[in-house]
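Dear colleague,

I am handing over the structure that we spoke about, and below it I have set down what was found. Please keep it open while you read.

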Amino acid sequence: MKKIILSFTLLLVLFRVSTSQNLPKASVVQAAQTKNFKIYTFVSPNEMFAVTSHVIELPSQLIVVDGQFFAPYAQQLKSFTDSLNKPITRFYISHDHPDHYLGFGDAFPHVEVYALKETKEGIEKEGQETLVKRQQQFGAIIAQSLRTPSHIQKEGRETIEGVTFLFEKSLDNEAQVSLTIKIPEAKAYIAQDIVYNHTHLFIHGHTTGWRKALKDIQKDSQYTLILPGHGKPTDRSVIQEDLKYLDAVDKALAESKSKQEYKSRLQAAYPDYAGAQLMDIYLNYYLKKDWAVK
Ligand SMILES: [Zn+2]
């Protein structure tokens, strides 16, 4: 238990003293290329939770999905989108968890922000308070300003510069409500936090709804490129891996007597996964359980 507090405190200290100069850099990979467009995935470093932003480069414009947690990574994302030399016409927020919307306010002050109605309302309600709390907690690596969505994305099919996008709503997964975007031409499924690739899943309660959301993606078998909310672009094997991880979570929750034991079990089973600190955060603040040993 002491060790958890220690490592969490150390993490906070690291965050406080960090500046954008000495932070580890994010990476960018090209996830797909067709004759009409490319998809790039920007991923913050493993120790900074491997949060993704996806950039879809159409002939004359860019569409971005998700805005990072920490401001320096949103700034790095901005440097990358600037390098493509095309305007961002839509900036999507997939769900209302701060690691996907808190970062980009300063770096992208003028983009048009799109989200599902529920996500827009969630950020309008909680966003500012969350921003202030995280500023107090983490200091200068949290953005100064919050951008809230101004456009409601409805479910359905849209064609943008000749490319078909399918916008869908998924309920009760890692978040209560989340937007998924399918791009059939690239066989790409932007799943965001329904899928974590090689990163510890953020557990906040029962796993039933999350399993169902993963199985829904599994049924959509024509999509072979899976773009996660955490970790690099991957293939369909990640779905089975995440389902197995949720099995490990349920077993560890049932059998562990303390938070430390639970965390140790998952770390032993997944030693090279990113975002081990995510476990400290959800065990201390989100996941409600009456542990036998406090
Ligand atoms: Zn997330």
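Which residue in β11 does lysine 182 stand opposite? Lysine 182 stands opposite tyrosine 189. Before going further, please note that this is a predicted model, in which local features need pLDDT of at least 70 and side-chain atom pairs count only at pLDDT 80 or more, while totals for chains, interfaces and linings use all residues. Residues are numbered from 1 along each chain as its sequence is written, and side-chain values use heavy atoms, with hydrogens and water left out.

Strands (E, at least two residues) and helices (H or I, at least four) are DSSP runs, numbered from the N terminus, and two strands pair if DSSP finds at least two bridges between them. Strand β10 (residues 177-183) runs antiparallel to β11 and is joined to it by three bridges; the two form a hairpin with four residues between them, where lysine 187 in the turn has a positive phi of about 50°. On β12 (residues 225-230), β11 pairs in the parallel sense over five bridges, with tyrosine 196 opposite histidine 230.

Why is β11 (residues 188-196) described as largely enclosed by the rest of the structure? Nine of its nine residues are buried, that is, under 20% relative accessible area with a 1.4 Å probe, protein chains only.

With best wishes

Definitions and conventions
Buried means under 20% relative accessible area, exposed over 50%, partly exposed in between (1.4 Å probe, protein chains only).
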